Amino acid sequence: MKTKKMTGWNLLVLLMLILYSIFSLSPILLAILNSGKTQGEILTNILSFPQNFKFDNYLIAFEKINFLRSFLNTMVVVIVGCTGIVLLSAIAGYKLARVKSKLSGFYYSLFVLSMLIPFHSIMITLVKIANVTDLQGKTLGLGIIYIGLGVPMAIFLYTGFIKSIPPELDEAARIDGCGDLRLFFKIIFPQLKPITATIIITNALWMWNDFLLPLLILPNSKTYTILLSTNMLFGQYGNNDWPAILSVLIMAMLPAIVFYLILQKNILKGISEGALKQ
Amino acid sequence: MKKNNKKLTLFILPALLFYSVFTLAPAIGGFWYSLTNWNGLNKNYDFIGLKNYAAILKDTDFINSITFTLKFVLIMVVLQNIISLALAIAIESRNRSKTLFRTLVFMPNMISMIIGGFMWMFIFTKALPYIAQQLNNAALMDISWIGDPFFSFIAIIIVSLWGGIGYLTIIYLAALQGVDRTLKEAASIDGANAWQVFRNVVIPSIMPAITIGVFVTLNNSFKVFDVVYSLTGGGPGRSTQVIAMNIFAEAYSLNNRYGYASAKSMVLFAIIFVITIVQLKLMRKKEIDG
């Protein structure tokens, strides 16, 4: 009796998971399905497979949003931002974790306290500063701005992580005559790999999917990121050319999905660790 | 000690520099401009004290956007956390299919909500009307998902849940894996049924994760922008205009009243700050009591 009830319950749980998975995937599947159709086919039959999948739609989309250029622009932003955030935060976190003084505590809270400030509260002045510093309109400039926005969280994570590394290691290296900066790069930094991976993954995802800041900093279509190009195309074709729009959407999300399928374990681990430390 | 402090300052200087220029200065600047009538077009502006804040009190559009956002936040906090927790428990109970379901549930989280919003736009304006037509269901056919204020709100909730649930599910899954098995078994042996074990053993042990889950949802939902931008643009009219969008429109698309928009952004900051601090205080206390 009891086992029978348990299997019934089990089936219910399974059913719920399957239904949710369908919900989760349906926009992506419908987009793929209809991206290979003609506009006429979409109007008459949304749910069926296309009669013959028109890959041409993708070629057209590829050119329409200048995919290669948009992709490279986005990569510049992500690489500049991540490199800066990792290097500056690791170096800062090292001393913040090791030096125990009032000043150290002050610096730490100065960084960490800002994490509650919403982006919209700094947005207007930030754009003005981007103008003054000549970063406005440049992908490199956007990457540099992301460094300033990203360091607090990364410093928070690095400081916590470095505190768990025994300081005896530093001492030993110091006796060997290692300077502070060399000691950091030779002894400490290699030990930070797990948290560095977490920081790179979460920050890369943030910058890759961020919309509002690029919208404000990069007004010229030559410097558009993938999201900005997609947004522009949607504005142009609106509700009229769904095959083109859906092909663009599939291409625009493909890099993130591939990244996810390859690095899934690291991504999920990074997310739960990053969140549970707060 | 002094030498240590000097070295400390040297090591944090690069990070501090970027942080000061791109986070700290804009934050202070935002507050300062909220006290001025700066309009972006004109180079000169005057200090006008709290006049912007006084104007906010009479700004019905902005107040409506606050009420709308509050409704959105409340529904999101409840639904997103309950559904995520339920999914996490369901996934945790699976053996072989655990990884598969985790992959599928989290997938939307990787996609920008701009792209997600556009894809859902296709569902709401094309796929659902088509299905309603096929079913010949008049009630379903009548629903205008993007054109009607009420259904636009529902649409925004659906898409936000779709994009946000995966993240919380991962957090709850991690927390559930940390629950002491022997504690659960001991409770079962003592005659507790599944619900009692869940209520008295599982919930108290994952309380810290629930605090984080609620915190994350509060924080993100108050700042919601991308979904609304891509799905309804704040419309029809201003019926789905959230706070962030109202600020954005004030500063960039409707007029360039930077000073006034800054004052609004300070109000947003104050709301988020007060509510999250209260939430953390209340729930941390519960963690200790429970």
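Student: How far apart are the end C-alpha atoms of helix α12 (residues 226–237) of chain A?
Tutor: In this predicted model, helices (H or I, at least four residues) and strands (E, at least two) are DSSP runs, numbered from the N terminus. The expected span of a helix is 1.5 Å times one less than its number of residues. The twelve residues of this helix should therefore span 16 Å, and this agrees with the separation of its end C-alpha atoms, 17 Å.

Student: How are the residues, chains and ligands labelled, and what pLDDT do local features need?
Tutor: Residues are numbered from 1 along each chain as its sequence is written, while chains are lettered from A and ligands numbered from 1 in the order in which they are written. Totals for chains, interfaces and linings use all residues, side-chain atom pairs count only at pLDDT 80 or more, and local features need pLDDT of at least 70.

Student: Which residues of α12(A) are buried?
Tutor: A residue is buried if 20 or more other C-beta atoms, placed from the backbone, lie within 10 Å of its own; it is exposed if 12 or fewer do, and partly exposed in between. In α12(A), the buried residues are A:I226, A:L227, A:L228, A:S229, A:T230, A:N231, A:L233 and A:F234.

Student: What is the radius of gyration of chain A?
Tutor: Chain A has 13 helices and zero strands. The radius of gyration is taken over C-alpha atoms, and the globule rule is 2.2 Å times the number of residues to the power 0.38. For 278 residues that rule gives 19 Å, so chain A is more spread out than a compact globule, with a radius of gyration well over that value, at 24 Å.

Student: How far apart do the C-alpha centres of domain 1 and domain 2 of chain A lie?
Tutor: Domain bounds come from an automatic or database domain assignment. For chain A, that assignment gives domain 1 (2–59) and domain 2 (66–237). The distance between their C-alpha centres is 38 Å.

Student: Which residues touch the most other members of the largest nonpolar core?
Tutor: A nonpolar core is a set of buried Ala, Val, Leu, Ile, Met, Phe, Trp, Tyr and Cys residues joined through C-beta atoms within 7 Å. Of the 154 residues in the largest one, the two that touch the most other members are A:V151 and A:L249.

Student: Which helix of chain A gives the largest share of this core?
Tutor: Domain 1 (2–59) and domain 2 (66–237) of chain A each supply at least three residues to the core. The largest share, 15 residues, comes from helix α7 (residues 139–163).

Student: Which helix gives the most to the side of chain B that touches chain A?
Tutor: In all, 71 residues of chain B are in contact with 70 residues of chain A. Several helices of chain B each supply at least two residues to this side, among them α3 (60–92), α7 (149–177) and α13 (258–289). The greatest contribution, 20 residues, is that of α1(B).

Student: How many residues of that side are nonpolar, polar and charged?
Tutor: Ala, Val, Leu, Ile, Met, Phe, Trp, Tyr, Cys and Pro count as nonpolar, Asp, Glu, Lys and Arg as charged, and the others, Gly among them, as polar. By this division, the side of chain B that touches chain A has 54 nonpolar, 13 polar and four charged.

Student: What share of chain B counts as buried?
Tutor: Chain B comprises 13 helices and zero strands, and its C-alpha trace spans about 75 × 75 × 30 Å along its principal axes. Of its 290 residues, the buried share is 39%.

Student: Which residue is joined to B:P236 by a cis peptide bond?
Tutor: B:P236 is found in the loop between α11 (226–231) and α12 of chain B. The cis bond has an omega of about 0°, and the partner of B:P236 is B:G235.

Student: Is A:D134 buried or exposed?
Tutor: A:D134 lies in the loop between α6 (119–132) and α7 of chain A, and has a positive phi of about 65° although it is not a glycine. Because it has 9 C-beta neighbours inside 10 Å, A:D134 counts as exposed.

Conventions
Contact = placed C-beta atoms within 7 Å.
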